[in-house]
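Subject: Structure for your review

Dear colleague,

Please find the structure below.

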Amino acid sequence: MKEIMVKDHKKIKLPGMRVIKTVIAVYICFLINFIRKGLPFYSAIAAILCMQNDHVNGLKAGKSRIIGTLIGGVYGFLAILLIDFVNAELYSHIHYLILSLFLIPIIYTNVFLKSNSSAYISCVVFFSITISHGSDIAPMYFALNRVIDTLIGIGVSLIINIII
């Protein structure tokens with residue numbers, strides 16, 4: 001936050017560039033999803049999480065989030081297939097057990113790829129796919145759209161971080 005002096009020596013705090021860049025990135029995500037006729041939730045959240053104070057840190061965060069998104073997306077798709085295969089009722093104890101156990105390979109994959117910082121985004125993407133998945137939507141389509149939405153937010157954030 002920057003401060004400016006106004007009359008009577010009062011200070012007003014102004015938002016910094018990271019705040020401004022975040023607002024711009026989120027708005028662009030809204031516009032993209034308006035054109036796609038989709039919901040901007042996942043892309044807006046990804047843009048917020050990916051925005052950094054400079055483009056170097058933004059690229060590091062973006063790389064980590066892309067890796068995490070892809071890992072979470074693949075495991076989310078696999079979990080939905082498994083849940084359908086074993087005919088587990090959504091939001092039942094067995095459904096929750098399967099989702100919880102999937103955290104083991106998700107986190108291990110991030111560690112194996114030496115991308116520990118992407119583990120949390122892998123879990124977030126995984127849960128965004130597996131918990132909010134409606135039974136009337138094809139699993140592959142749903143998982144793919146969640147990954148695309150997240151990658152849109154990351155991409156927009158990276159571009160804004162580079163040009164502003």
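The crossing of H3 and H5 is right-handed (the near helix is turned clockwise from the far one by less than a right angle). This is a predicted model, in which local features need pLDDT of at least 70, side-chain atom pairs count only at pLDDT 80 or more, and totals for chains, interfaces and linings use all residues. Residues are numbered from 1 along each chain as its sequence is written, and side-chain values use heavy atoms, without hydrogens and water.

Helices are DSSP runs (H or I, at least four residues), numbered from the N terminus. Helix H3 (residues 55–85) and helix H5 (residues 119–130) pack at about 35°, their axes 7 Å apart; axes are lines fitted to C-alpha atoms over the stretch in contact, and angles run from 0 to 180 degrees between N-to-C directions.

The axes of H3 and H6 come within 9 Å and cross at roughly 175°. The two helices are therefore roughly antiparallel (angles over 145 degrees). Their contact includes Leu-59 and Ile-66 in H3, and Val-147 and Leu-151 in H6.

In helix H2 (residues 41–50), Tyr-42, Ser-43, Ala-44, Ala-46, Ala-47 and Cys-50 are buried (under 20% relative accessible area, 1.4 Å probe, protein chains only). These buried residues pack against helix H1 (17–36), H3, H5 and helix H6 (139–163).

Yours sincerely

Note on methods
Buried < 20%, exposed > 50% of the residue type's maximum accessible area, 1.4 Å probe, protein only. Contact = heavy atoms within 4.5 Å. Parallel < 35°, antiparallel > 145°, perpendicular 65-115°, else oblique.
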